[in-house]
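Visitor: I have a structure to go through. Can we take it piece by piece?
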Amino acid sequence: RVHACPRVGRSGVHGDGEVPHVRASRSGKSLGGLLEWSIKWGKDVEFLERCKASGFATPDLDNRPRLKFWESEIWRAFVSLNANRRTGFVGSEPLDIASVRAWLQAHGWTGDAETAALDLILELDASWLDKGRSDGPSS
């Protein structure tokens, strides 16, 4: 199944305007891979980018998973929501479903696309919480 993405119209991007009905874990090296990469290297991105700009080899930065357009919109939502995550006595709390829905609706996600995006964001959140991270993912 494919759902319409609210930000349609960027030319030259394969899959633009479509959000496939997939699980985050099936996104392979994309969403799930970027989460893993971000947990490992996220806090060092600026340093790695400076090294690359200075001419040094940066295989860790070069191997960062690339996202399709629709995946980048899901990632943007997750990073934004994660920045406002509540923390309790036992660490980070799961993202609030109502907050995720509100963010998606405020950014034009509706209907089946909103449901698909919500599922992916909640899977990313569960994966992130399983890692026990207090640092947020990088954009």
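Visitor: At what angle do helix 1 and helix 4 pack?
Guide: This is a predicted model. In it, helix 1 (residues 31–41) packs on helix 4 (residues 69–83) at an angle of about 45°, and the axes are 10 Å apart. That makes helix 1 oblique to helix 4.

Visitor: Is the crossing left-handed or right-handed?
Guide: Helix 1 and helix 4 cross in a right-handed way.

Visitor: Which residues meet there?
Guide: From helix 1, L31, L34, L35 and S38; from helix 4, W70, E71, I74, W75 and F78. By class, the residues of this contact are 7 nonpolar, 1 polar and 1 charged.

Visitor: Aromatics next. How many aromatic pairs are there?
Guide: The count is 1 aromatic pair. The ring centres of W75 and F78 are 5.8 Å apart with the planes at 45°, so the pair is tilted.

Visitor: Where do W75 and F78 lie?
Guide: Both are in helix 4, 3 residues apart, which is about one turn of the helix.

Visitor: And is W75 buried or exposed?
Guide: W75 is buried, at a relative accessible area of 5%. F78 also counts as buried, with 0% relative accessibility.

Visitor: Change of topic. Where is D96?
Guide: D96 sits in the loop between strand 4 (91–92) and helix 5 (97–106).

Visitor: How far apart are D96 and R86 in space?
Guide: They are 9.0 Å apart, C-alpha to C-alpha, and 10 residues apart in sequence.

Conventions: Residues numbered from 1 in each chain as written. Predicted model: local features only at pLDDT ≥ 70, side-chain atom pairs only at ≥ 80, totals over all residues. Heavy atoms only, no water. Helix = DSSP H or I, 4+ residues; strand = E, 2+ residues; numbered from the N terminus. Axes fitted to C-alpha atoms, helices over the stretch in contact; angles between N-to-C directions. Parallel < 35°, antiparallel > 145°, perpendicular 65-115°, else oblique. Left-handed = near helix turned anticlockwise from the far one by under 90°. Contact = heavy atoms within 4.5 Å. Nonpolar A, V, L, I, M, F, W, Y, C, P; charged D, E, K, R; others polar. Phe/Tyr/Trp six-rings, centres within 6.5 Å; stacked < 30°, edge-to-face > 60°. Buried < 20%, exposed > 50% of the residue type's maximum accessible area, 1.4 Å probe, protein only.
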